[in-house]
Amino acid sequence: MPLSPNLRGALFMVVAMVGFTLNDAITKFSSESMNMAQVMLIRGAFASLFVGLLAWQRGALARPASMLQPMVALRVAGEAGATVSFLLALAHLPIANVSAVLQALPLAVTMGAALVFNEGVGWRRWLAIAIGFAGVLIIVRPGFEGFSVYSLLALASVACCAVRDLATKRVPQAIPTLLVSTATALAMTVLGAALLSPMGGWTPMSGEATALLALAAVLVLIGYQFIIMAMRSGDIAFIAPFRYTALLWAILLGLVVFGDIPDLPMIVGASIIVGSGLYALYRERVVGKRQTAAESAGPDMAPDGI
């Protein structure tokens, strides 16, 4: 029997999360043999090639000067901060912990939309935001024995992603999405090259290591493609919660690949974040507001400095 649009969209979202999480696992694995600046440089070079060719084939590069539009520049700056902080956190923390903190992004975008754009957010969603960030603090556990400064980098990545997503809302519709993606990939490649020396310099790479980073870039592109397909398939309010399956894949990959066993604070904090995010989505559907949190399950749901 053919799947309904909602079930098809949910399946596409799950596939997208698998792509993103596999990319994260490959990136973390690569950080064991080279610094993150080199990872950014190589992965970004492959992504720039893949995205650039796709953008050229679809005519999105006809007006390259649009890359300098202020909101595009702000989006790229937010992406730069998100990518650097995310990758540094990923290199030093269990993949599940970083993924769990990143699940607070929809709540951060909802809060930012209320504070910056004066979008209506009722007291119930404000409460969900507060509880969600309490869950983040449980994972980060500042002041406790399990605290790591790299947890703050994961939180900084969420903040930078929120800036990026809010800037994306103000990018003129006339500017093609593929042009913005190309600008982002190029900027991350240049940033990786700039940070290469401060982060320890170049490490000789094997063919296998190079192929893995090329695969990581492809997986991210597949993830974005399936997210776009998911968003176009059915009801966003039904499909968006399936973005949280990324956390399940992160826990599984962390256990199988890196031997990381989630501790109790991580599980409790992640459960609170997911629950708060789901409730925020529910309230948006009830009050009929613009899908602020749901939009963070779209093509900008995670650092895309690929």
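Let's start with helix H5, where Leu-105, Pro-106, Leu-107, Ala-108, Val-109, Thr-110, Gly-112, Ala-113 and Ala-114 are buried. Keep in mind that this is a predicted model.

**Helix H5**
- H5 has 13 residues, which should span 18 Å at 1.5 Å a residue; the end C-alpha atoms are 17 Å apart, so the two values agree.
- Just after H5 comes Asn-118, whose phi is positive, at about 60°.

**Helix H6**
- H6 runs over residues 123-140, a stretch of 18 residues.
- From its first C-alpha to its last, H6 reaches 26 Å, close to the 26 Å expected at 1.5 Å a residue.
- Which residues of H6 are buried? They are Arg-125, Ala-128, Ile-129, Gly-132, Gly-135, Val-136, Ile-139 and Val-140.
- What do the buried residues of H6 pack against? Their partners are helix H4 (95-102), helix H5 (105-117), helix H7 (149-168) and helix H12 (264-287).
- Just after H6, you will find Arg-141 with a positive phi of about 45°.

**The annotated domain**
- According to an unreviewed UniProt entry, residues 8-140 carry the annotation "domain: EamA".
- In the model, residues 8-140 are 80% helix and 0% strand.
- The end C-alpha atoms of this span lie 35 Å apart.

Notes: Residues are numbered from 1 along each chain as its sequence is written. This is a predicted model: local features need pLDDT of at least 70, side-chain atom pairs count only at pLDDT 80 or more; totals for chains, interfaces and linings use all residues. Side-chain values use heavy atoms; hydrogens and water are left out. Helices (H or I, at least four residues) and strands (E, at least two) are DSSP runs, numbered from the N terminus. The expected span of a helix is 1.5 Å times one less than its number of residues. Buried means under 20% relative accessible area, exposed over 50%, partly exposed in between (1.4 Å probe, protein chains only). Contact means heavy atoms within 4.5 Å. UniProt positions are given in the numbering used here, feature names are shortened, and annotations may be inferred rather than shown by experiment.
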